[in-house]
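Welcome, and please take a moment to look over the protein below.

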Amino acid sequence: MPVIDLAQVDLKALTPDQLDWRKFVLPTDHPMRVIRIEKVVANIGVGQSGERLERAAKVLEELTQQEPSYRLAKRSIKDWDVRKGEPIGVAVTLRRNKAVWFLLRALAAVDFTLREGSFDDWGNVSFGIREHIMIPGTKYEPAVGVWGLNVVTVLARPGLRIMYRRRARSDVGREHRVTREEAMKYFQEVLGVKIIR
């Protein structure tokens, strides 16, 4: 049974303040083994800087209610007129309530259906949205246009922070990582997603 009853909730009017990210967990027998959403990253790859990139940034800011960061080209590609260090994409990292709020709306755009290939071996889930206007509560603006975007969700157990902290950094053991099967179970039981095999 999903944590939130989508039949009772209007995703167009839903705000991050109405959600509690602590409830969106897959319970287990031990508090350090629960699975939760660590972060949700939304990005739009434009491939060039300039006016198109600014419009993509505006779209992403409207969708996530957060200012996006610009992503730079890693190398120069002469045929595409891309220079190393040039901004060619925008991305937003969401955590806690905003992450759950955006993920529910993004899943609604794909009818709460994901492919099995969207899940990797480390608890990460990636899917694309062809047109941003498919997300509930989004209006079409001719001046901005229609954009596609990628949504990446990272699932983790408590303690993942030891990989990234500055002092006494350490690896997370294989047993403590979220597996592909556990990620699928989380999306099915907690978010009510149908997985196509």
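This is a predicted model: local features need pLDDT of at least 70, side-chain atom pairs count only at pLDDT 80 or more; totals for chains, interfaces and linings use all residues.

Residues are numbered from 1 along each chain as its sequence is written, and side-chain values use heavy atoms, with hydrogens and water left out.

**The whole chain**

Let's begin with the overall fold. The protein chain has three helices and eight strands, where helices (H or I, at least four residues) and strands (E, at least two) are DSSP runs numbered from the N terminus. Read from the N terminus, their order is β-β-α-β-β-α-β-β-β-α-β. With a radius of gyration of 18 Å, close to the 16 Å from the globule rule for 197 residues, the protein chain is as compact as a globular protein of that length. Here the radius is taken over C-alpha atoms, and the rule is 2.2 Å times the number of residues to the power 0.38.

Some further totals for the protein chain are set out here.

| Quantity | Value |
|---|---|
| Box filled by the C-alpha atoms, along the principal axes | roughly 55 × 45 × 35 Å |
| Buried share of the 197 residues | 40% |
| Accessible surface | about 11900 Å² |
| Share of that surface on carbon and sulfur atoms | 47% |

Buried means under 20% relative accessible area, exposed over 50%, and partly exposed in between (1.4 Å probe, protein chains only). The areas come from the Shrake-Rupley method with a 1.4 Å probe, and for residues only the protein chains shown count as cover.

**Around strand β4**

Which strands pair with β4 (residues 87-94)? Strand β2 (residues 35-45) pairs with β4 in the antiparallel sense over six bridges, and Ala42 has Val92 of β4 as its bridge partner. Strand β3 (residues 69-72) also runs antiparallel to β4, joined by four bridges; Ser69 stands opposite Ala91 there. Two strands pair if DSSP finds at least two bridges between them.

**Trp101**

Is Trp101 buried or exposed? Trp101, in helix α2 (residues 96-109), counts as buried at 3% relative accessibility. Beyond its neighbours within four places in sequence, Trp101 is in contact (heavy atoms within 4.5 Å) with residues including Leu14, Pro16, Leu19 and Leu63. Trp101 and Gly148 are 47 residues apart in sequence, and their C-alpha atoms are 19 Å apart in space.
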